[in-house]
Amino acid sequence: MTDTARARKLADRIRVVVAETLQRRIKDPRLGYVTITDTRITGDLREATVFYTVFGDDEERAASAAALESAKGVLRSEVGRQTGVRFTPTLTFVPDALPENARTIDDLLAKAKAADAEVRQASSGAAYAGDADPYRKPGQEADDEEPGTDGKGSPDA
């Protein structure tokens with residue numbers, strides 16, 4: 001039986017421990033501006049997936065990924081020491097897709113804004129097709145109605 005609250009607390013603690021250890025103890029020059037964004041742990045508390053982002057280009061991302069893989073043992077031992085769990089979970093580092101998703105959303109929003117500007121430009125001098133008020137007002141009689149009918153073609157009863 002899994003305790004999701006315990007797994008969530010342990011995942012949060014692992015995220016903090018990994019981030020602090022990367023900042024204070026890991027002195028790898030390949031490690032760039034790494035941000036630990038999320039951590040997820042399996043229900044049996046055996047495997048932890050650590051999501052991260054790297055500020056920089058593809059070369060810096062690849063170098064940071066290699067640095068994280070080489071520091072995995074130090075990070076896992078630090079997680080075990082600071083969490084105090086019986087079995088220290090194995091760590092898997094996965095680059096977070098959040099920046100790419102945000103960039104895609106920004107591009108889509110820019111396209112929508114450009115399309116709205118085109119529609120606004122096209123409709124700036126346009127006029128309505130038809131009368132200004134195409135709806136009947138209460139109390140007005142239509143020209144096509146015969147007296148003594150209710151407007152639907154049936155006599156008043």
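Among contacts in the protein between residues at least 6 apart in sequence, what percentage join residues at least 24 apart? In this predicted model, the share is 57%, counted over those contacts between residues at least 6 apart in sequence.

The elements behind the fold can be taken in order. The protein has four helices and three strands as its secondary structure, and, when these are read along the sequence, they follow the pattern α-β-β-α-α-β-α.

The three strands form an open sheet, in which the order is β1-β2-β3 and the pairing is mixed. Its edges are taken by β1, which covers residues 33–41, and by β3, which covers residues 90–95, each of them pairing on one side only. From one strand to the next, the twist of this sheet averages 30 degrees.

Within the sheet, the pairing of β2 with β3 can be followed in more detail. Strand β2 spans residues 47–55 and runs parallel to β3, the two being joined over six bridges. A residue pair that the reader can look for in the structure is Ala48, which stands opposite Leu91 in β3.

Turning from the sheet to the protein as a whole, how much of the chain is buried? Of the 157 residues in the protein, 23% are buried. The accessible surface comes to about 11900 Å², and carbon and sulfur atoms account for 52% of this area.

Note on methods
Residues numbered from 1 in each chain as written. Predicted model: local features only at pLDDT ≥ 70, side-chain atom pairs only at ≥ 80, totals over all residues. Heavy atoms only, no water. Pairing = 2+ DSSP bridges. Axes fitted to C-alpha atoms, helices over the stretch in contact; angles between N-to-C directions. Buried < 20%, exposed > 50% of the residue type's maximum accessible area, 1.4 Å probe, protein only. Contact = heavy atoms within 4.5 Å. Areas by Shrake-Rupley, 256 points an atom, 1.4 Å probe, with all protein chains shown as cover.
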